[in-house]
Amino acid sequence: MKKYSSKRSIQILAHLLRQYGISDVVISPGSRNAPLAIHFSEVDGFNCYSIVDERSAAFVGLGMAMSEKKPVAITCTSGSAAANYYPAVTEAFYRNIPMLILTADRPTDYVDIFDGQTIRQNHLFQQHSYGDFQMVEDSKENAEELNFDIIKKAIELCFEKQGPVHINIPLEEPLYHLVSEIPTFPTVEKTIRTKEYEIPSNLVADWNTSKRIMILVGTRDYSAELESQLSQLVKNHSAVVLSEVNSNLYHEKFFRHIDRYIYNFTEEDYKTYAPDLLITVGQNVVSKKVKQFLRSAHPKQHWHLDEVWQPDTYLALTEKIEVKPEAFFSKLLKMISLEPRPYFNLWDVLRDKKDARHEQYLNLVEFSDFYFFNKTSQTIPENYNVHFSNSSAIRYAQLFDYGKRRIYCNRGTSGIDGSTSTAMGFAIKNPNPTVLITGDLSFFYDINGLWNQYIPPFVRIIIFNNGEGNIFKIIPGPGNANPNTLDEFIATRHHKNAELLAKHFGFSYSKVDDEATLDRVLENFFKADMQPKILEVNTAGKSNASVLKSYFSFVKDN
């Protein structure tokens with residue numbers, strides 16, 4: 001016989017989640033949130049997942065929401081458990097990934113009287129959420145009506161903003177009083193708002209009169225519609241489209257390797273290749289060089305297309321266009337001239353030259369992180385979703401072609417902390433297999449991402465272990481520190497490997513430390529197996545930073 005929580009607030013919460021189609025709930029263990037855990041796990045229509053570590057659990061929920069493209073609920077007990085959600089909440093906030101954060105709490109009059117596991121949870125995520133709501137205890141007057149309205153507003157805001165929304169839930173004892181039946185609640189009338197947009201005539205005129213139009217696409221999910229729209233612009237050479245591997249756009253005339261082309265730009269190059277009209281789409285870009293370029297270029301106009309975010313990243317923003325890019329370009333394409341512009345040919349000549357140098361360098365490079373990324377980009381099966389950890393992993397990825405594979409990386413806050421957990425959450429909900437390509441520090445930082453009983457057997461993790469945070473040997477600045485300080489406190493050199501961790505968490509494990517072994521192991525690594533797999537590529541002791549710096553010097557030479 002099923003047993004449900006007797007708390008009306010939790011019954012109403014579950015009813016409304018079902019009404020809006022929110023079915024996935026990531027639950028971390030605890031007593032204060034036991035009414036939620038019991039109720040969600042018993043009510044038909046919910047998929048519940050138990051993840052012990054709240055920091056990891058929130059990233060798992062993030063990955064699920066990325067995969068499903070709809071809100072996922074996460075719930076935990078009171079106190080520091082809720083605070084552990086914060087890294088994933090900030091990532092969801094800056095990426096517009098919908099998450100409903102359900103934190104159980106002590107009754108409101110318990111705050112700041114030194115009761116156990118009690119902190120100031122109300123508005124805990126206020127700086128990085130699209131809404132903070134607090135339900136009322138069942139014993140309060142009109143609690144049922146108030147909570148119905150509070151939950152409805154929170155869920156609809158989560159859908160509208162496509163980002164994290166927090167509901168704090170004070171719960172009085174008893175927590176474990178159960179019932180065998182739950183009442184019938186009314187069907188909710190949904191009032192989620194949608195935006196209408198019409199292009200101002202002056203923007204059409206500005207497009208038609210601009211001679212150097214650049215469209216820069218940052219981090220975003222794949223969109224066949226946007227890809228088709230931008231393809232029309234580059235087919236006629238009407239605009240230059242710069243994108244990154246995590247922009248998930250595919251056309252032979254898109255410029256998909258920004259740093260390959262502009263890494264060694266001089267001040268004179270900034271002027272030569274500068275746009276007069278810059279249109280930006282999506283969120284964070286990985287390339288620091290493109291930010292430097294466009295901030296120095298001072299385009300006359302900069303339009304940014306996004307429903308929520310309108311950042312002045314390049315210090316030239318003139319138009320905040322609060323609409324989906326697909327809706328904007330569908331209207332724009334019907335109104336503008338698609339005449340070719342010499343500006344495209346200018347960039348095309350640059351690309352041909354740099355791409356040729358890139359291919360030449362590939363024939364020279366020895367076993368290293370650079371060699372590893374080139375090899376894996378050619379080996380990953382086409383049906384795989386590819387997740388990259390942050391720091392050097394996503395930067396290396398920008399230099400290589402991954403075809404039409406879907407690419408993901410936590411670029412909202414660009415932290416290394418939840419890359420594994422995010423990829424595992426994504427893999428749980430996606431029908432296609434997932435591979436995570438991660439650096440050693442990112443992997444070891446998020447070990448609890450593997451403490452997850454739902455990881456499918458077709459998951460693959462490849463760790464390139466260079467024995468340190470090698471990014472600090474690549475970027476300018478850290479090298480000014482004394483070598484001992486750099487190695488111990490910044491690059492954090494180590495001698496750890498993942499073999500015992502793989503065994504502990506039920507992964508098969510392989511290790512390679514030369515190119516011949518890597519080539520041989522990769523042939524079988526992606527084949528079906530009864531358990532997920534970890535491949536550790538040991539590049540410690542290799543001159544990884546020097547190889548990458550040599551690459552950019554080589555590409556620069558004419």
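Me: Leaving aside neighbours within four places in sequence, which residues is Asp24 in contact with?

Reply: Contact means heavy atoms within 4.5 Å. By that rule, Asp24 is in contact with Asn47, Tyr49, Glu68, Lys70, Val72, Ala73 and Lys429. Keep in mind that this is a predicted model, where local features need pLDDT of at least 70, side-chain atom pairs count only at pLDDT 80 or more, and totals for chains, interfaces and linings use all residues. Residues are numbered from 1 along each chain as its sequence is written, and side-chain values use heavy atoms, with hydrogens and water left out.

Me: Is Asp24 buried or exposed?

Reply: Buried means under 20% relative accessible area, exposed over 50%, partly exposed in between (1.4 Å probe, protein chains only). Asp24 has 1%, so Asp24 is buried.

Me: What joins the side chains of Asp24 and Lys429?

Reply: A polar contact of 3.0 Å. Such a contact is a pair of N or O atoms within 3.5 Å; within protein, one must be able to donate a hydrogen and the other to accept it, and residues adjacent in sequence count only if both atoms are side-chain atoms.

Me: Which strand holds Asp24, and in what order do the strands of the sheet come?

Reply: Strands (E, at least two residues) and helices (H or I, at least four) are DSSP runs, numbered from the N terminus. Asp24 lies in strand β2, residues 24-27. Two strands pair if DSSP finds at least two bridges between them. Here six strands form an open sheet, β3-β2-β4-β5-β7-β6, with parallel pairing. β3 (47-50) and β6 (132-134) stand at the edges with a single partner strand each, so one side of each has no neighbour in the sheet.
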